[in-house]
Amino acid sequence: MSLNPLKYVMGWLDERYRLEDLREFARSKSVPMHHTIWYYLGGITLFLFLIQVVTGILLLMYYRPTEAAAYESVQYIISEVPFGWLVRSIHSWSASFLIATAIIHMFSVFFKKTYRKPREFTWITGLVMLGLFMFFGFTGYLLPWNQLSFFATKVGTELVGILPVVGDTFMRMIRGGEHVTGGTLTRMFGFHVAILPALTTILVTIHLLMVQRQGMSEPLTGRPRRAMPFFPNFVLRDIMVWVIVLGLLGTLSLYFPWELGLKADPFGPAPQGIEPEWYFLFMFQVLRVMPAEFLSIDGRVLVFMGFGLLGVAWTLVPWLDRGAARGRPSRVINWAGLVLLVVVIILTIWAKFYHH
Amino acid sequence: MSNGDRITGDVPGPRADRRGFLGAVLGTGMFGLVVSVLYPMWRFVFPPRDVRAAEEAVGIGPADDFPFNSGKLIQFGNEPALVVRTAEGEFRAFLGTCTHLACTVEYRPDLGLIWCACHDGQFDLTGKNIQGPPPRPLPPLEVQLRDGEILVSRPK
């Protein structure tokens, strides 16, 4: 028996759990070689999610989810707690980054037609996760209980309320009552720290298992396959990118700490210049310029239904573009995706520069 | 009872009947169990209706302290309400929740209008929605002057 303690422990484990399988797996796993940044976006998103889990758990040590104490507890975190400003800022910046990398990941998958058979379900789990991340953003936004977040929550939940038949019931469910109150804060907190993390963890696991099971997709241009070992080559590259991202988050948190704003006043006016986070701006702008009635339909219902239908169509893309699996992706779908991307970008910029 | 026959082989009818019967009882019982677990959970997440009675009337101080061409948000029950004194000195009051997507409106002295910051909705001083996305006028409240004191109440 060797005296090397590491070898001894490994031997002990190997004897009981047959680690040879794992070693063999690590040796043989490979990824197709394409030196493009797109291959790293899923991994970056995963890394940012892990940052959210860690910083979120840290924030939980001090945060208090009540109307009376929430704002003050965040103030306490960023002004009194050692490195509290850093943890809170990284949590906010990383949330924003996470949505961005998830969206870029989604569009790269779209334009490279990676959603094609047999990866339809990977596409869908990805979209569901993006939805969960946006819901994470929406629920987390209210937690500091400031003016902006208070009205953002009012608007967001009111949108649910305009749904025919079930709208009112579901609005009360999400708000925890008729109005946005401390009860809503408690409920959003519950979504943010319990329900959403649980669902996301399940989906991330499924998503990764499917990627592992099927391997990474290769582009449609049938170039001869060249591969790179996953361990250690690709993992080291992943880690390198992650370190850069972490550095970026730290730098942004240092020079642009996330603002807390003013404490919410449920009986004060909506603050001037109010707008949501950047990833909701396109919807916000549509809501702002949509007239009260359009073709004699309630404008809000129209917006809601429009985005809903778009979401359904986007989910069904792998089935709408059946030719992609045979190497003949639909040009109509490709152009539609491009137009959608450009329109969303234009709406976002328009919202930023739209002043009354 | 072909199903029972296949499973029990040589066993004739009555036994298979019993198996089917027990299966049905067990299935119904399991279904009842699942429903009786899920139903309370489902109901639990929907909050009960607000029992707090709607405010009848709120006093907001002497009329003389209220400048011309200004507005003030007050708490009316559990909703905000907007009281406006027009440039001519007349009092108007409305529920302050925008009819578009529930932000709280404010009086804009520079425009002489009621305005919502969220999506740029505008209402005139009768509460009528005149520009932007709001679909309906603001619900009006009644303003009375009692001994020089402003009293805001729900219209009768």
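Chain A and chain B are linked by 2 salt bridges. One of them pairs B:Arg49 with A:Asp168, at 3.7 Å from N to O. This is a predicted model. The two chains bury about 2,800 Å² between them.

**Interface extent**

- On chain A, 33 residues are in contact with chain B, and 33 residues of chain B take part in return.
- Of the area buried between chain A and chain B, 60% is on carbon and sulfur atoms.
- The size of an interface is often expressed as the accessible area lost when the parts come together.

**Polar and charged links**

- Between chain A and chain B, 6 residue pairs are in polar contact, with both residues at pLDDT 80 or more.
- Over all chains, the salt bridge count comes to 15.
- B:Arg49 sits in the loop between helix H2 (13-44) and strand S1 (57-62) of chain B, while A:Asp168 belongs to helix H8 of chain A, so this pair joins two chains.
- The N to O distance of 3.7 Å in the B:Arg49 and A:Asp168 pair falls within the 4 Å cut-off for a salt bridge.

**What chain A brings to the interface**

- Three helices of chain A each supply at least two residues to the side that touches chain B: H7 (147-161), H8 (167-175) and H11 (281-289).
- Helix H8 of chain A gives the most, with 6 residues.
- By class, this side of chain A has 17 nonpolar, 7 polar and 9 charged residues.

**A nonpolar surface patch on chain A**

- A patch of about 660 Å² is made by A:Val53, A:Val54, A:Ile57, A:Leu58, A:Met61, A:Tyr62 and A:Tyr76.
- Helix H3 (residues 41-60) of chain A provides the largest share of the patch, 4 residues.
- A:Leu58, one of the patch residues, is found in helix H3 of chain A.

**Backbone points to check in the viewer**

- A cis peptide bond joins A:Lys117 to A:Pro118, with omega about 10°.
- A:Pro118 is in the loop between helix H5 (84-111) and helix H6 (120-142) of chain A.
- Another cis peptide bond runs from A:Phe231 to A:Pro232, with omega near -5°.
- A:Pro232 lies in helix H10 (residues 230-255) of chain A.
- A:Val165 is not a glycine, yet its phi is positive, at about 65°.
- A:Val165 is placed in the loop between H7 and H8 of chain A. Both of these helices supply residues to the side of chain A that touches chain B.

Conventions. Residues are numbered from 1 along each chain as its sequence is written. Chains are lettered from A and ligands numbered from 1 in the order in which they are written. This is a predicted model: local features need pLDDT of at least 70, side-chain atom pairs count only at pLDDT 80 or more; totals for chains, interfaces and linings use all residues. Side-chain values use heavy atoms; hydrogens and water are left out. Contact means heavy atoms within 4.5 Å. Buried area is the accessible area (1.4 Å probe) that two parts lose on being put together, summed over both. A salt bridge is a side-chain nitrogen of Lys or Arg within 4 Å of a carboxyl oxygen of Asp or Glu. A polar contact is a pair of N or O atoms within 3.5 Å; within protein, one must be able to donate a hydrogen and the other to accept it, and residues adjacent in sequence count only if both atoms are side-chain atoms. Ala, Val, Leu, Ile, Met, Phe, Trp, Tyr, Cys and Pro count as nonpolar, Asp, Glu, Lys and Arg as charged, and the others, Gly among them, as polar. Patches are made of residues with over 30% relative accessible area and no salt bridge: like charges are joined within 9 Å, nonpolar side chains (Val, Leu, Ile, Met, Phe, Trp, Tyr) within 5 Å. Accessible areas come from the Shrake-Rupley method with a 1.4 Å probe; for residues, only the protein chains shown count as cover.
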